[in-house]
Every structure is written in structure tokens, then in C-alpha cells.
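Look at the structure below and find where the two chains touch.

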There are 2 protein chains.
Amino acid sequence: MAFPRPKPTTMETLAMERANPPFNVRKLSIKMHGSERSLILKEKFMAESGQRYGALHMLTPQIARHPAFKLSDIHDLSKDELRERTMEKFASMVYYVTNESLDTFSLRMQLIGIADPSFWTRFGVAYGLFLGALRSGATPNQLSYWMDRGVLGLNGVIGCFAMTELAHGSNVAGLETTATFDPASDDFVIHTPHLGATKWWIGGAASTATHAAVFAQMIVHGKRHGVKTFVVQLRDTKTFTLMPGVTIGDIGKKMGRDGIDNGYIQFTYVRVPRAHMLMKHTQVSRDGVVTEPPLAQLTYGALLGGRTSMVADSSNSAKKALTVAVRYAAVRRQFAQGKNQLETQLLDYPIHQRRLMPLVAQAVAMGFTALKLQHMYEDMTQSLDSLEPGDPNMDEILDKLKETHATSAGLKAFCTWACLDTIDKCRQSCGGHGYSVYSNFPLMYADFAVQCTWEGDNTILSLQAGRALVGAWGAATRKKRLAPGVAYLGIPNILSSKSDDSLSLRDVQTAWHCVAANVVKKAAEEYVSHLKSGKSKDEAMERCSQSRFIAAKLHTIGYIFGMYREAVEEMEEGQETAVLKKVCALYGLWQVEEQQGYFLKYGYFTPQQMDKVQVAVDDLCAEIRAVAVPLVDAFALSDHIINSPLGKFDGSVYESYFAQVQASNPTPKVHPYFDRLIKPLLERENALIEDTGAEMGLDDELEEMKAEREEAEKEKEKAKRVEAKVRKEEYARVLPGGKVDDDEE
Amino acid sequence: MAFPRPKPTTMETLAMERANPPFNVRKLSIKMHGSERSLILKEKFMAESGQRYGALHMLTPQIARHPAFKLSDIHDLSKDELRERTMEKFASMVYYVTNESLDTFSLRMQLIGIADPSFWTRFGVAYGLFLGALRSGATPNQLSYWMDRGVLGLNGVIGCFAMTELAHGSNVAGLETTATFDPASDDFVIHTPHLGATKWWIGGAASTATHAAVFAQMIVHGKRHGVKTFVVQLRDTKTFTLMPGVTIGDIGKKMGRDGIDNGYIQFTYVRVPRAHMLMKHTQVSRDGVVTEPPLAQLTYGALLGGRTSMVADSSNSAKKALTVAVRYAAVRRQFAQGKNQLETQLLDYPIHQRRLMPLVAQAVAMGFTALKLQHMYEDMTQSLDSLEPGDPNMDEILDKLKETHATSAGLKAFCTWACLDTIDKCRQSCGGHGYSVYSNFPLMYADFAVQCTWEGDNTILSLQAGRALVGAWGAATRKKRLAPGVAYLGIPNILSSKSDDSLSLRDVQTAWHCVAANVVKKAAEEYVSHLKSGKSKDEAMERCSQSRFIAAKLHTIGYIFGMYREAVEEMEEGQETAVLKKVCALYGLWQVEEQQGYFLKYGYFTPQQMDKVQVAVDDLCAEIRAVAVPLVDAFALSDHIINSPLGKFDGSVYESYFAQVQASNPTPKVHPYFDRLIKPLLERENALIEDTGAEMGLDDELEEMKAEREEAEKEKEKAKRVEAKVRKEEYARVLPGGKVDDDEE
């Protein structure tokens, strides 16, 4: 019964995977985190990875030790328990938000976003959205008034953000809640005119917010002035009872992020002082004179920040899923090859390498893109802040802003899609165990799924990116200056360029420029031809939607590849850079394969070269597989953050999984429904107790069967032909002979 | 405040979509259900759609009225409540399973599978797996013994199926549980030797089964004889306490299907009578003589049945999701186009048509494939049953069996993937509301996700299909007879065929044959070249995994298209056939677009023809959009089955959604954590009560702002340039002039 030689344990197997990686894991990790400081802060917040790869020992251990941030029981909490715990976390974070520098706190929140997206969102509602609305919409006096009342420390005001309505999502201009000025009392009257105008999805409304930033159509002296923002108190801060005229309900369970208490709000002639309208831009005086701002605000910068953080989150969440999937694939063994009694590690199957290695490359690529984007965003904010009228660089800066804004729409869309896809592919790659909640994939998927919808539905954002590319193509054809991200549209002969057959990073970059330019051109030409046929601009844009979508997709993939390539080419040579270059090549070439139609259509690669690409991807997958475990280790995510026994750092997969299952599912002392449901079924008529099997008369039957066996021999002729045909022919037809094992796969 | 003309309600909008469809919805529905009888039975089981499109009035209303099959509260039940309800359903079905004809009961279960996959699975464990194991493995005496003890009516035995182990999934031959024969007592001793051999995922084990069919390595007189099946009692049927030596635990929450009580089982020297080994194939006599069967069983037929039902389920589940998404897209309005004050229906946006119409076509294609497969399966079972040794048709029948078996592996994989993808795309197409559990998409996704894993991981099944195709290619090159499904491999010059530029169904069919033949050839050639370079057969097969995978994918898509095309070409001409042909064309051409790389690589279509394909897909999407609502109505799924207010038949989307949210989330009388968590936060220091806004000094500030406005005018020069550049240039560069509305999309 024993195996001929001792089987390595899963822990030993994982240790072997870490023996002598051809690079320094910590150095690699620092490169992927942008700086050593970022990595050290992250480790400090996680408080776990001090023993690994020479990380600093912890100074002030944080979330892994805080009871509110316990994650191991999170899958078995009810919606109500999750929400209560969210509030515990909220209380625990007030200290940091009021005492820590903004960039340290941002890194803290980025980590918490990976560990606990539900809480991250609820926190973001109060600080990012509610406080953000005050910052961007309140006058200085208004802002300090609300700050004095405790917006920052939650001591007096807990805010939420009431924009979306039941029948209106992203079309803010179409919102139907009204805010009518009553000159007699100097109040605004906030009102929900019908069911479709009910505020919906409002995070924090259901049971934790005292105030809301309400978006409503402002009506003054009978005239509509568009959507403005009003601070409306929802609940009494002493008793938490609803304010008069405010109706609030819980909108219940969601696919994920159930720690957020999303609610609906209906206002029935709710009065707020005029001063509760945020008046930085539009002002309403005591006598109802409305002063509109001189121009629509430039909000591009703000959107950019949110999108940058979603690209970072896509990378981080994908890395979390992949850490689990790669470690599990290293320790899981399945099917012995040939005479080798030890079963093969999943990670050694070429198809399993194909399933995971390109996704690892993509996660790394998104990570470098997020770092670059973050720098661009910071530079741009600085440039804009210092911009004076008549500045000779203004055009250039604005071009860059516009381009980055459009590109970031595409990045948000394709990165969140890529991450969601990665999570589910990782789940599937872990087989049945990926379907257990304790693998953490189900929650990761459910929590992440909303990223494809909020802050702009991905498809719609892609079309926005595509529209900007159509515009950029127009500029390119007129030889105008192009922003860096679309400069490739102006490269001479880019449309008809060909591979130099090297498949080098430069070759791959040109490939992406070539196909992206071609599909952008196609979308622009369709747009123009619809215009020429008499369509309105809106209609023409709608009609070329599919081509705009494709343009955005290829531009975005090429952009991610370009960002990553730039990052690795800026690094000094070394072992870490070498592996990052390989990973970069895998990302670029794998995506060429995925989108091969365009490369063939526009002739950048020949069919023969596409076959070479496939071989190159196979080879890169195998090469990266060799360092896959130390590579995901460099993602530097603690066991606590990963929260999956399948991805345990020490490889104790089955033991940890079993322990988790047992701890989470104690056997109840009394069966909850045996008496009511099972017993009556079992005891209907002939249920027996004694069971020896003797009543079967099996042995007599076996004697008969023996006699029949002779008969069966006659069937052999038929049987042999069956076997020969069905089991062997597959190989036999290609080459003669050879046994086929049906269980091989 | 009112709209210039009355807005149609969502109900009116949906009614307009149903006005005068260019086909008879009921006739179309019958075609898609294979027969009128199937449709009528389905309606009878649903008990709801009697008023629609001339359906028969109900005779015996079923699941919509049975309290155990209530679905509206299912999203808010805890795991324990779901399981208890599963048992209620179980009890309610015993009558039908013991009284109804098999094919009627199968249709009933197919419907229940769409409505409630959790229960369907638990039921399938008892009847499909446990009883199936007895049927295929027990001798006649053994089978009647267990029948007498109440296997069918659950009156005495409630069975489960204990195959999978913690460290062994699909590799049945590698299972490590042992069954050692003890000649002294005539018993087998069932034992779990270590943690990894723990039976895992066993549906019904955690709290409802009395017996298990246990797969274990049989050891007789010290010799291993491979994996056999043993019936082991788990619990006392009177008290439900565990039998001695049996350890059972709950494995807890899963991504979906939480109505099934999956458990783990560890056996510690548990004795069962020798007669509890199922002995139809291998026998063990009283003195321990083991008689092995003359040949491995032919289980292809059984697998085929399971796979056929998974293809049907993929179609049905996709249709369920699409019914919701299409109806919602018809009533949801977003963004006004130009001066039209009425916002546009989502379904009128070309990109939204692109999102949904191809998926509708795919669901219909999978449905016809399932019907055809069902017939083939029935024919084949009949042919095999009547097959005599020496039958001249044997080779042909076996070829067909083998081919269908391999193809069904690919169909299972690509259909379940397609359905899972469809569910999530439908969710995303409904925007934020798709993320609410009440949309039903989250549960549909979570329940369906396991279909990609169980009964063979999809990737591995695809490789099996690919391996068979490699074999078939060998047969084709030797001009041997080919089974119908792979006959295209033998078409002369198929590898180099070209489009006749018609994009007719025939043209598209040839296109699929051409590219599938090319990729199959590529996989076969890679295999042979690895063999020639000295690799073992196993290794050579592994090395060409990626190409085998691609071969399986293209073969399978072409096969689905072929099945659907055959079905529509066999129909008499008519309005219903006309629309089904269009849908068929959309499926085939859309998939050509999706896989365009191969069509270009192998030269079936030129790049110019690919552009024509894109236009054709756009046009077909628009044509099918015009009949989208009656088309999904013909899927004939009741509101109860769909269980999503977003997809209500009558279009009362917002009202129903609101009602559901309210009913499911009553406000608790006492706030569960205000006193403990919120109040202390709010009352830290300066929390205020009175709030008139007067303290702001806002009006003085507004005066100051007025003065500053003059200063602001100076900024206008800068501002105007900003606006001109950022907001207008996108259009301006392509054509002069024109306002851009940022909210347009």
C-alpha cells in the first residue's frame, strides 16, 4: 500500500519551488511596488510577512491582529453581521484618517481594499464621495462649517452620497429628484416625485448615515437650473430616528460587498436651509437670484484619480487570486505520468501553464501601468495647479490631460474586466475546491464584479475611449501635435508596418501600434462615412460603436504593454529586470495571440509568424512556470490578506483547508430537521434496521453468474472489437500500437 | 416639470414590443422545444403562462403554487434554511418519481433544474448517482435487495455518492480509501488512511443521507484490485446517529447551490458485509476469489447522457438570463438623443444589440444542439442494445459512438462556458441593478459556475475532445470511414477552400469546416512531430495541448452551428423558420468574428470579407432586435422560474423590484448596533443637534464671492481655451463645429 518512495508533502513541494530562484525576491518585490517604502508600509499594515525574504520586522502590527479585521470567518457571516463588522472597522479607522499623512493613509486603504472591498467601499462613501462632494462643491465657509460639525472624525456627521436613482444610473443630468426654493422660508424643498426618482443604491443610507449629499434638479422661481448638490440630514444624531419626510429602506443583499448598507431614500417635501446647497459653483441668494458659474468645471482630473485606483485594484486583486492559484497548482498533484508513481504537479502540465502564466503576466503589466498612471496623474495635477492663462505649454498639457482621461476610461474598463476574468479562471484552475467559499474565489469574484459597472459601465467607458481615438485620428491625419499616448497614430507608415521577425519587445510594441492605428482608422472612417450619408453626429457615433469598441480595446492593450515595456526598459539591467522582461514579453505576445485576427488582417504578422508567436508563448509559459512561486511571492500578500487555505504560504493546503472547514462548520447538537422531514420519509412503510446483506442470496447468484460466464466468453469477439475500436484507435490511426489510459486526463 | 408628451410606462413599452411580431410566437416556441408535447408539459409544470400566446390553460398547476418551491425569498435564506427547504422539496417529489413515466419526469426535472439548481443537484445525487451506481454496478439480486429496502421511495435508504477525495478529484484510479476483505468475518473493512483520502464534496453526506456508494481500492488477500464500489451505511435510520467508525462533517458554504448539504466522510475501519460490494462486474467469493470482468465496461453511453443534459441546461440557463436582460433592455431608457425628450431604450443602442443579440443566438443554437444530441443519444442507445456480434453495421455504430462521445466532451465544455459567460454579460448589461441579488443574476452565476468544473473540468474535457480529433485526422489522411461529426475532415480540398462571398448558411458552414480541419491538422502534425523527436505518446499529447485545445474549440463551435443549421434546414418554410434562420446566421457569423484570426490565417475569408462579416453581424443584430421581446417570450419561461423583477413578463420592472426589496428587507424595530457602535462615534466631542445653517455666514460670503467674480472674468480667457480644447476638439478635428455632451454615453 505504500508508495515506492516517500511522497514529498505539500509543504516540502512548495519549499522546493522556492529553492534558489534566479533573482532576489525582495528586490523584485520592491520593483513591483514602485519603491521600498511602499513595500515596507504594506508589510507594516499586513503585519505578517516579516519572516519572508528579508522583510523588515514589524514595528506596529496592524490589521492582521485587529479583531474587526478578522477575515477567516467572513464567508459565514450573515449580511447583518457583515454590516455590523463594517461599522467596527469604521470606528477603528477614525484614528488613522485624522492622524496619518494622506499618502501613508492612501497606501493603507489600498491594502484594505484588497483585503476587504466591502469596508473599503463604505469608507470611500463617507470620505471619497460625501467629503469629496463637500470639498469640490462647498464654499470655504460651508466646508469649514461641516468640518466643525465633525465630518472628518464622524463625530456629528456620518455622510453618504445620494446620486443614483432607481430609473437613472449614469445619466446624472436626467435625475428627477427636485429641490425647489421657497423664498418665504429661505429653504429648499427636496422631493421625490415618483417611484423611479427614488434614490437607490445609496451606500450607508440603510442604517449608518446621518446626512446625505443629495443630487437634485434645482428649481428656483419655477425655473429648472439643472442638477445641484444639497446636504440633507437623514437621521437625528441622538436617537437615529428618521427626519420628518425622509423614508429609507434597505435594498437588501447584493452579489457581493454585503458589508455596505445600501439603501433607498424617498424625500417627501423635506426642507433644508438654503445654505445647505453647495454653492462654490452656482449660487442662490436670499431673494432667489441664481448665479451660474462661468463655465462647466474641469472634472477630468478627479475622474482620473478614481480610474487610476481601479487599475491598481485590478492588478492587486488579480495578484491575490493568482497567488492562490499558482501555489495550489504547485502542490496539487494529479495523474501519474507513465511509470512515475508520484503524480504530476498541476503546474507541470503545459495546459495549466497556459491557464495561469499569461494571467500572471497581465497582473504584473496592470501593476506597472497603475504605477505609471499614478505618476502621470500627480505630474498633471501639479501642472494644472500651476497653469497660468497664456502659458505657452497649456496646449500641450491639455492635450495630454485629455488623452490620459480618454485612455484611463479604456484602462478602467479593460483592466477591471481582465481582473474579473482572472479571478474566475483561477477559481476554475483549482477544480472543485475553487467552488468552496473558503478558497475565497467566490467572494473575490462577487466583490469585484461591481467594478465593471460602477464609475461608468465598462462598455460605455470603452466607447468614450473610442470616441476620443476617433478624434485623435482626425488630428493625426492633419499632422497636428498628438499627446504621448496616441503619438503612434502619427508614425509614418505605421498602418502598413511589418514584423522584423524578431518578436522582440520592440517588434511587439510596433505590432500593437500598427493594429491599433488600423482599427482606430477604421472607426474614424466609419464615423465620417455615416456623417457623409447624412446621419447626425450622435447617430454616426452610435453607428460606429462596434468599431469604436474594438479601437478602444486594442489601443488599451497596446497602452498597457507600452507602459510595462517603458518601465522595464528604464530599469538597470539585472536578474530582476531580466525576469520582468520575460514576463513583459509573455504579456505582449499572449495578447497578440488572443487578438491574432487583427495582426493577420492588417498584415503585421504572417500566418507563419503567428505560429512562431504560439511557440514563443508556450516557451515563455514554461520558463516563467519555473519561477512562478517566487514570482507570486514577490506580490507580497500575507496569508491573512489572501484568506485562502489553498494559497497558504507554507503549502499546508489540505491541513489548513480541513481546519478551516471544521472551525467554520461545527456539527449542531440536534439535527435541525430530522424529526420534521427526514424521519417521516424514512419510516414510510418498509424501512429496515437490521442489515447484514444475507437476505440478498448473493452467493447463489454468484454461482449462477459463473455459469453464465461461459456464455459471456462468446460475447468476447464483439467485446474485443469494441475495445480495439474505442480505446486504441485514436492513437493507432496516427501511429501503430500503444496502450491508452482513459484516466490520463 | 412634466414631460412635453406623456412618457409610456415600462408596461406600455413592453406591450409595444410585442405588437404584431412577424411570426407566431407559440409556433416558434414549439419548434424550440422540439414538440408541442414538451412545451405543454413544461407549461403544466410551471403553471403560469396559460394566458400567453394561446398556451393551454393549466390542468394541474405545479411548482409555482407549491410552498416548497417558493423562489422569491430564496436570496435571503441562510445556508441552513436553504438546506431544510431542499428536504421539503425532496419529500414533495417522491410522489412523482414513483408514479410518473420516466420521460415525463425527466422533463419535470429539466424544468426544476432551471428554477432551482441546488435542489436538482441534491435530487440527482440520490437518483442519478446513488441509484445509478446500483443500477450499473449491482447484480440483479443486489439491485432488488436495495429496491426492497426503499431506495426509490426513500423509505429506508437515502443515498449519496462518495467518490471524490480531498486530494483526488477526477483521477478515480488514484483514490486512496481502502476496502480490505476480511475472510474471517466475510466483511470488507472500509478505511480512510490519511487526511488526503477523506471523502470530500459528498452531496447529502453532511446531514441527509443514510447510505453512501463508496469508491475504494479493493484489497483481497493483500492484493490491490483497483477501485470498486461499496454500499456503506452512514447513519442509523431510526435515530440518525452516525454508524460506528464513520466521521462526518459539513464542508460548509459554497459559491452556489447551498441547498445541497455537501460533507466530508472519514471511515475508520468500518465493516460492511461482503455482499455490499457491487458485484455485477467484479465478483469476490466467500473465500476471497476475485473474478475480474472480461473487459472494461463501455461507459461512453452513460457519460453521453449526462453531457447531453448539461448542453440542454446551458441553453436553458442562458435563455433564462437573456429573458431578463432583453426585457429589461427594452423598458430601461437612458439618455435622450438630440432633442427627443424621451430617453432611448437600451435595446435601441447598436452596442447594446451587440451585447445581447449574439448571446440570444448562441442560446438558441445550444438548444437545438441539445435536442439533436438527445435524439442521437436515444438512437445510439437503441442501436447498441440491439447490436449482435458480427453485425455488419457495428463498425459504423461504434465509430459514431466514439465520435459523439468525444464531441460531447467538447460540447459540455464550451456550452457551459458560453452559458456562464452569458449570465455575467446579462448581469453587466443591466447595470447596477444586475448586482442586486433580486435581479437573480448573482445566484444564477454562482449556481451555474460549478458546471465548468464537475463531470470533468472543462479544459481537460476540451483536451480529450482534441485528442479524439487528432485521431480522426489520422483516419482522414488514410481515407478511412469517418463518423458524421468529423466527416468534414475528409472533404476534398477542405483545407484550402474559400468563401463564395455569399455569407450564406452554406458558406458559413464550409468556413467552419475549413478552419476546424486546419487547426485539427495542426494539432495532429504537432503530435506526430513530438513523437518523431522521441517523446513518449503521453508527453507528445501534453506538448500539443494548446493546439488540441484550439482544435476542440473550433470543431465544437462549428458542430453547434452545424446542428442548428441542420435543424432549420429540415423545417418547412415559414415565418418561424425564417426568423430561426436569421438567428442561425447571426450565431455562425458572430462566431466567425470572434474567431476571425483562424479564418484569416487559413485564408477562407479575406480581410475585406471579414469587414463584410462585421457589417452582416451589425445588420442581423438590428434585425433580431426588432423581434427580440417575442423571441425571448418563445423561450417560455414563467415569471416564477425567472424569479427576477427586472425580467417581469408584463414590464412592471420598477414596481416589482421595489416591492421585492421592501418585502425582503423589513426595517428592524430596533437598530441592531446603533447604541454599541454608532452613537459613541457621533457623540465624541462636538456633535451638534440644532442645524439651521445660519452659523455659516453664507450670505456675507456670497457677497464676497460676487466681488471676486469680476476677477474671475479675467480667468475666462484661460477657461474658454480649456473648454474649446477639451470638450469640442474630439469632433472638431474630424469635422468642424458641433456641441459635445459629455453625458451622452
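Predicted model: local features only at pLDDT ≥ 70, side-chain atom pairs only at ≥ 80, totals over all residues.

Begin with the contact between the two chains: 217 residues of chain B are in contact with 218 residues of chain A. Putting the chains together buries about 19400 Å² between them, and carbon and sulfur atoms give 57% of that area.

What kinds of links cross the interface of chain B and chain A? There are 14 salt bridges across the interface, and 68 residue pairs are in polar contact, both residues at pLDDT 80 or more. One salt bridge to find joins the side chains of B:Asp699 and A:Arg274, with a distance of 2.7 Å from N to O. On the side of chain B that touches chain A, helix α24 of chain B, residues 716-732, gives the most, with twelve residues. The residues on that side of chain B comprise 91 nonpolar, 57 polar and 69 charged ones.

Now turn to the sheet. Strands of a sheet pair through backbone hydrogen bonds, in either a parallel or an antiparallel way. In chain B, three strands form an open sheet in the order β4-β8-β7, and the pairing is antiparallel. Which strands lie at the edges? They are β4 (199-203) and β7 (246-250) of chain B, each of which pairs on one side only. Neighbouring strands of this sheet are turned against each other by 35 degrees on average, with direction ignored.

Look lastly at one pair within the sheet. Strand β8 of chain B, residues 262-267, runs antiparallel to β4(B), and three bridges join them. Here B:Ile202 stands opposite B:Gly263, which belongs to β8(B).

Note on methods:
Residues numbered from 1 in each chain as written. Chains lettered and ligands numbered in written order. Heavy atoms only, no water. Contact = heavy atoms within 4.5 Å. Buried area = accessible area lost by both parts, 1.4 Å probe. Salt bridge = Lys/Arg side-chain N within 4 Å of Asp/Glu carboxyl O. Polar contact = N/O pair within 3.5 Å; in protein donor to acceptor, adjacent residues only side chain to side chain. Helix = DSSP H or I, 4+ residues; strand = E, 2+ residues; numbered from the N terminus. Nonpolar A, V, L, I, M, F, W, Y, C, P; charged D, E, K, R; others polar. Pairing = 2+ DSSP bridges. Axes fitted to C-alpha atoms, helices over the stretch in contact; angles between N-to-C directions.
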